[in-house]
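This briefing goes through selected features of one structure, grouped by topic. The sequence and structure come first.

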Amino acid sequence: LIDHWKLAPNENMQRMRMKLMPNPCFDAHAEASAARDNVKKASKPQAEDNLLDLKISKEAVVSSPDEDTNADLTEEDLKQIAKEQMDSTQETDEEKELEKFLMSEDCELVTMMTVIKGRFELTSSYIYFFDSRPIKDGEERFDNRWS
């Protein structure tokens, strides 16, 4: 099924184009509209997702149950991961201590296509916008931080 069409180059005597033909080169310009609205675009194209799914399914068929038991993390590995995570959270806590709150105000973030109700906060280091709309599945949040 082709959902995108364009006018055929053929014209009649009154220079009218009477037919539509499929447009195989259609581009929705998703990257441009995402850049315009400051929206994060999908991390991978759909074709790469399909290839990744295929690769994972092939690996699942080839692997045996004995391989899975060897792949488990040891207790030492888990301790190391936990220590790294704690170190990283301590670093962010130190950064937040340097940041001083200045003001906060309810406002609306206006983009080219949408208006988002939220809260504006100003600190000594950053400007924050927190989206105050209810959380819904499949809807992107507009929580931002600018320096």
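A charge sits over a ring if NZ of Lys or CZ of Arg is within 6 Å of the ring centre and within 35 degrees of the ring normal. By that rule, the charged end of R145 sits over the ring of Y126, 4.0 Å from the ring centre. The model is predicted: local features need pLDDT of at least 70, side-chain atom pairs count only at pLDDT 80 or more, and totals for chains, interfaces and linings use all residues. Residues are numbered from 1 along each chain as its sequence is written, and side-chain values use heavy atoms, with hydrogens and water left out.

**Aromatic rings**

- A search of the whole structure finds two aromatic pairs (rings of Phe, Tyr and Trp, the last by its six-membered ring, with centres within 6.5 Å; planes under 30 degrees apart are stacked, over 60 edge-to-face, the rest tilted).
- Y126 and Y128 make a tilted pair, with 6.1 Å centre to centre and 55° between the planes.
- Y128 and F130 make a stacked pair, with 5.6 Å centre to centre and 10° between the planes.
- Y128 counts as buried because its relative accessibility is 14% (buried means under 20% relative accessible area, exposed over 50%, partly exposed in between, with a 1.4 Å probe and protein chains only).
- Y126 is partly exposed at 24% relative accessibility, and F130 is partly exposed with a relative accessible area of 34%.

**Strands β3 and β4**

- Strand β3 covers residues 101–110 and strand β4 residues 115–123 (strands are DSSP runs of E, at least two residues, numbered from the N terminus).
- These strands pair in the antiparallel sense over nine bridges (pairing requires that DSSP finds at least two bridges between two strands).
- β3 and β4 form a hairpin, with four residues between them.
- The bridge partner of E105 in β4 is F120.

- W5 lies in strand β1 (residues 5–7) and counts as partly exposed because its relative accessibility is 46%.
- W5, L7 and L20 form a nonpolar patch on the surface, with about 340 Å² of accessible area together.
- Patch members have over 30% relative accessible area and no salt bridge; nonpolar side chains (Val, Leu, Ile, Met, Phe, Trp, Tyr) are joined within 5 Å, like charges within 9 Å.
- A salt bridge is a side-chain nitrogen of Lys or Arg within 4 Å of a carboxyl oxygen of Asp or Glu.
- Accessible areas come from the Shrake-Rupley method with a 1.4 Å probe; for residues, only the protein chains shown count as cover.
- M21 lies in strand β2 (residues 20–22) and is partly exposed at 29% relative accessibility.
- M21 and L7 are 14 residues apart in sequence and 6.2 Å apart in space, C-alpha to C-alpha.
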